[in-house]
Amino acid sequence: MIMKTFDLDFYGKIYPIQLSISTYPNGNLAIPMPAWNNGKPEPWNVLTVNLGRPMKKNHAFIDTNNNGNDILAWIVRHGLAVPTGVFSTSGFCCYPEYRFRSDCLQEFDPDGYAHYLEIWDSLYGG
């Protein structure tokens, strides 16, 4: 069964991207982006980056280093998240923080989102 996908134009090639919900080891929100090719998902990229510090629920820094700055407009255009105005640097990169819509996260990956919430609540107290 093919999950909901979003077309992403990346350097002139269109990728049908699915959003999976997961966690980094410290409980922060991780969003892998498998691409659906030939009726099956293949690892493609990760939308988020973990900078190590605890994040608010449903918040994540966007990996513009590997996804490019165009990914920010893609996120907003599809109604996935909104920028918080917070930035954090790591190395030579500056990453913007976004607040993801809980209803979107639930819709895209109900099991993954439930697991993320369970981990996040156990670490950060709900």
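Biologist: In this predicted model, which residue in β2 is the bridge partner of D9?

Modeller: Strand β1 covers residues 6-10 and strand β2 covers residues 13-17, and the two pair in the antiparallel sense over five bridges. D9 takes part in this pairing, and its bridge partner in β2 is I14.

Biologist: What is the phi of Y11 in the turn of the hairpin?

Modeller: The strands β1 and β2 form a hairpin, and two residues stand between them. Y11 is in that turn, where its phi is positive, with a value of about 55°.

Biologist: In what order do the four strands of the open sheet stand, and which of them are at the edges?

Modeller: Strands of a sheet pair through backbone hydrogen bonds, in either a parallel or an antiparallel way. Here the pairing is antiparallel, and the order of the open sheet is β7-β8-β10-β9. Each of the edge strands has a single partner strand, so one side of each is left without a neighbour in the sheet, and these edge strands are β7 (48-49) and β9 (81-90).

Biologist: Which residue in β10 does F61 stand opposite?

Modeller: Strand β10 is made up of residues 93-100, and β8 pairs with β10 in the antiparallel sense over three bridges. Helix α2, residues 70-77, lies across β8, β9 and β10, and runs at about 5° to β10. As for F61, the residue opposite in β10 is E97.

Biologist: Which strand gives the largest share of the lining of the largest cavity?

Modeller: The structure holds one cavity of 30 Å³ or more, and the volume of the largest cavity is about 30 Å³. Its lining consists of N28, L29, V49, N50, L51, M55, H59, A60 and F61, which divide into six nonpolar, three polar and no charged residues. The largest share of this lining is three residues, and they come from the strand with residues 59-62, namely β8.

Biologist: Why is the pair of Y113 and Y116 described as stacked?

Modeller: A pair of aromatic rings is described by the distance of the centres and the angle of the planes. The structure holds six aromatic pairs. For Y113 and Y116, the ring centres are 6.0 Å apart and the planes stand at 25°, and because planes under 30 degrees apart count as stacked, this pair is stacked.

Biologist: In which helix do Y113 and Y116 both lie?

Modeller: Y113 and Y116 are three residues apart, which is about one turn of the helix. The helix that holds both of them covers residues 110-124, and its name is α4.

How values were computed
Residues numbered from 1 in each chain as written. Predicted model: local features only at pLDDT ≥ 70, side-chain atom pairs only at ≥ 80, totals over all residues. Heavy atoms only, no water. 1 Å grid on protein atoms, 1.4 Å probe; cavity = no way out; pocket = protein on both sides within 12 Å on 5 of 7 lines; lining within 4 Å. Points joined across faces, edges and corners; volume = space filled by probe spheres on them. Nonpolar A, V, L, I, M, F, W, Y, C, P; charged D, E, K, R; others polar. Pairing = 2+ DSSP bridges. Contact = heavy atoms within 4.5 Å. Axes fitted to C-alpha atoms, helices over the stretch in contact; angles between N-to-C directions. Phe/Tyr/Trp six-rings, centres within 6.5 Å; stacked < 30°, edge-to-face > 60°.
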